Amino acid sequence: MASTSATVPQTGFFGHPRGLATLFATEMWERFSYYGMRAILLFYMYDRVSEGGLGMPESFAAALISVYGASIYLAAIAGGWVADRLLGPRRAVLYGGILIMCGHISLATPFGAPALYASMVFLVLGTGLLKPNISHTVGQLYPEDDRRRDAGYSIFYMGISVGAVLSPFVVGTLGQRVDYHLGFGIAAIGMFFGLVQYVHGARYLGDIGVRPANPIREDPTGRRTLTLLGAGLAVVVLVVAGFAVAGRLTADGVIDALSVLAVAVPIAYFTVMLRSRKVTGDERSRVWRFIPLFVASACFWLVQEQGYSVLAHYADSRVDLDRWGFGIPSSWFQSVGSLVLIVLTPLFAILWTRLGDRVSTPQKFAAGLTFAGLSYLLLVLPAAMSGTQVLVSPLWLASSLAIVTIGEMCLSPIGMSATTRYAPSAFQTQTMGLWLASNAAGQGISAQIVQLYGPGTEAAYFSIVGLVAIALAVVVLLLSPLIRLRTPAPVG
């Protein structure tokens, strides 16, 4: 595990390395742009054309939102490979940010569905490069035996929260009240600020991530690897072209294919790592232990990411937005979780530091899944008490979003930190990409089940998904003695 070159732990940013401030601010602006775009994207897709939207069916828009998110996080695996083998994490983050900005600019143009699909390409490629590499770089700021690592990831996660809490108020309000394209344009400006911050603060990162960890030019099989990749890409292009010519390249077919891909690719990548000669016996054992955490994470994100599909639709159609005397833009609910994160992040950073090894990573994951399940079970109550034809208080949805966010604090930053310890040396950044692909797997499955949600199935939908999450939490808790890794004793 690489670390900083300093022999004494750096403490220039609230007791953490100064480079954490650079990564914190970069991620804050990137998430401002991303969550701002996500806050209004569903409404833009299914809103009437006369109101500035695209007029898509609501169930189709919800499914497309899910596979869009799945593709973004699925691309994180490829982004990790590109960084490990070709660019190095530092350039991957920079190029990814530029592509993300181009994606938001595409949405800001008045070219309808073609601009939407072009933006998806830019955002999938850009986020795939940026997300795993910036998250991995946070771990590289700390020596392997540094107990500040979990707290550092919690602070980094607060950067995500700051960007995410502001964007629905800014991008959401302008998008819903003025013009959707103006909102997307503000998201592009946010990513531009993130790029400026990243370039300006790069000096605080030293030489971390400048070079690829396992450069392909130093690998005797590198040329063969590139040839196989090129051949594989050519096959994919030919297959897609064949379906297009045959008239079978439908939007529903693409959604189904991406759902399958979101689950199949992580399985294939785990297989590659487990069979690789570059992975030692001890590292292979760690990969096996990582698999249950991956499954738990996928289930958690299946619930949490439905905040942008099922719960966004719930906010728009089931919540009394005029309850408090003024019309609440439905996109504002996307800020609830981020507000909770900002309040709780310092408390969780202190909590994890003080608890140390007394609460293991699998136990934290089990807690995260339990909160996710409870957040959905809570929404069964208003449907059971008043039916689905009566508008409900905003507090029901706000409470559900707050509960799942507590679960997120138990799972997401801890998962990023754990990934840096479970990862084999030859697959460091790629494993972070694989971790992010758990989000893709969850959203890939979600793309299939969100189409089952509706007024007639609301209570059953929330009940079943919530209970499945809690059941999996129990399984993870029972397996925790087999999954956990012991943190090395600190040196000195």
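# A tour of the helix packing

Select helices H9 and H16: the two run roughly antiparallel to each other, a label for angles over 145 degrees, while under 35 degrees is roughly parallel, 65 to 115 roughly perpendicular and the rest oblique. Helices here are DSSP runs of H or I with at least four residues, strands are E runs of at least two, and both are numbered from the N terminus. The model is predicted, so local features need pLDDT of at least 70 and side-chain atom pairs pLDDT 80 or more, whereas totals for chains, interfaces and linings use all residues. Residues are numbered from 1 along each chain as its sequence is written, and side-chain values use heavy atoms, with hydrogens and water left out.

**Stop 1: H9 against H16.** H9 covers residues 281-304 and H16 covers residues 458-483. Their axes lie 10 Å apart at an angle of about 160 degrees; axes are lines fitted to C-alpha atoms, for helices over the stretch in contact, and angles between N-to-C directions run from 0 to 180 degrees. The crossing is left-handed, meaning that the near helix is turned anticlockwise from the far one by less than a right angle, with clockwise being right-handed. Show Arg289, Pro292, Leu293, Val295, Ala296, Cys299, Leu302 and Val303 of H9, which meet Val465, Ala469, Leu472, Val476, Leu482 and Ile483 of H16. This contact has 13 nonpolar, no polar and 1 charged residues. In that count Ala, Val, Leu, Ile, Met, Phe, Trp, Tyr, Cys and Pro are nonpolar, Asp, Glu, Lys and Arg are charged, and the others, Gly among them, are polar.

**Stop 2: H9 against H15.** The crossing is right-handed. On the H9 side the contact residues include Phe290, Phe294 and Trp301, and on the H15 side they include Trp435, Gly442 and Ile449. By class, the contact of H9 with H15 divides into 12 nonpolar, 6 polar and no charged residues.

**Stop 3: H2 against H8.** Now select H2 (residues 58-87) and H8 (residues 251-275). Their axes come within 9 Å and cross at roughly 35 degrees, in a left-handed crossing. Among the residues making the contact are Phe60, Leu74 and Trp81 of H2 and Asp252, Leu258 and Tyr269 of H8. The contact comprises 16 nonpolar, 2 polar and 1 charged residues.

**Stop 4: the core.** The largest nonpolar core has 141 residues, and Leu41, Leu311, Tyr314, Phe333 and Phe462 have the most contacts inside it. Such a core is a set of buried Ala, Val, Leu, Ile, Met, Phe, Trp, Tyr and Cys residues joined through side-chain atoms within 4.5 Å. H2 gives the most to this core, with 19 residues. Centre on Tyr314: beyond its neighbours within four places in sequence, its contacts (heavy atoms within 4.5 Å) include Val319, Leu379, Tyr453, Glu458 and Phe462.

**Stop 5: two single residues.** Gly172 sits in H5 (residues 149-177). Is Gly172 buried or exposed? Gly172 is buried, at 0% relative accessibility; buried is under 20% relative accessible area, exposed over 50% and partly exposed in between, with a 1.4 Å probe and protein chains only. Its C-alpha is 6.7 Å from that of Gly183. Leu94, in H3 (residues 89-108), is partly exposed at 26%. Leu94 touches Leu195, Tyr198 and Val199, not counting residues up to four places away in sequence.

**Last view: the chain.** Zoom out to 16 helices and 0 strands. Of the 492 residues, 56% count as buried.
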